[in-house]
Amino acid sequence: MAEVRRINSFGVRSWLETIAKISREVALEFVECPPPIIDQCNMVRGFLGHGSVVSFYAMMVCEACDEEIDQLFATASCATHGGALPPTPCPRCGRAMEIDDIEEQYLSFLRAGP
Ligand SMILES: [Zn+2]
């Protein structure tokens, strides 16, 4: 999913119609989901059908040196950090980076069932 830059309402409808046709017997896993996809997961119930997010990107910022990076996270690594993002050291200065969003809101897809 890494190449998805944006998705409009028509795209969301088409996507939902398509994903609903996929048999539940088919394992569905989504990797490298960028923020536009995660935002939809958080807003639209059942956006990924019966699938789940294996890994996703989050925009991380460093308040110390203003560095910004798109960091890839494994969904499983959040589970082992109590449902939060694992620590992300800044590649420039080494300090802890923070998500450029409201973390609890951005990660709400982790708590929603398929
Ligand atoms: Zn920094």
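Reply: A nonpolar core is a set of buried Ala, Val, Leu, Ile, Met, Phe, Trp, Tyr and Cys residues joined through side-chain atoms within 4.5 Å. In this predicted model, the largest such core has 26 residues, of which Val53, Phe56, Met60 and Leu85 touch the most other members. Helix H1 (9–20), helix H2 (35–43), E3 and E4 are the elements that give two or more residues to this core.

Me: What is Phe56 in contact with, leaving aside its neighbours within four places in sequence?

Reply: The contacts of Phe56 include Ile38, Leu72, Leu85, Tyr106 and Phe109, with neighbours within four places in sequence left aside.

Me: What makes the arrangement around the zinc ion tetrahedral?

Reply: The protein donors are the SG atoms of Cys62, Cys65, Cys90 and Cys93, lying 2.3 Å from the zinc ion. Four donors count as tetrahedral if all angles lie between 85 and 135 degrees. The angles subtended here are 102 to 121°, and therefore the arrangement is tetrahedral.

Me: How are the donor residues spaced in sequence?

Reply: Their spacing is C-x2-C-x24-C-x2-C. Cys65, in the loop between strand E3 (55–61) and strand E4 (68–74), and Cys90, in the loop between helix H3 (75–79) and strand E5 (98–99), are 25 residues apart, and the pair links distant parts of the chain.

Me: Why is Cys90 called buried?

Reply: Buried means under 20% relative accessible area. Cys90 has 5% relative accessibility, so Cys90 counts as buried.

Me: How do you know that E3 pairs with E4?

Reply: Two strands pair if there are at least two bridges between them. Seven bridges join E3 to E4, and the two strands run antiparallel. They form a hairpin with six residues between them, and Asp66 in the turn has a positive phi of about 65°.

Me: Why does Ser55 count as buried?

Reply: Ser55 lies in strand E3, where six of the seven residues are buried. Its relative accessibility is 10%, and the limit is under 20%, so Ser55 counts as buried. Ser55 stands opposite Ala74 in E4. A polar atom of the Ser55 side chain lies 2.8 Å from the backbone nitrogen of Glu32.

Technical notes
Residues numbered from 1 in each chain as written. Predicted model: local features only at pLDDT ≥ 70, side-chain atom pairs only at ≥ 80, totals over all residues. Heavy atoms only, no water. Donors = N, O, S within 2.8 Å, 3.2 Å for Na, K, Ca; no water. Tetrahedral: all angles 85-135°; square planar, octahedral: opposite > 155°, others 65-115°. Helix = DSSP H or I, 4+ residues; strand = E, 2+ residues; numbered from the N terminus. Buried < 20%, exposed > 50% of the residue type's maximum accessible area, 1.4 Å probe, protein only. Polar contact = N/O pair within 3.5 Å; in protein donor to acceptor, adjacent residues only side chain to side chain. Contact = heavy atoms within 4.5 Å.
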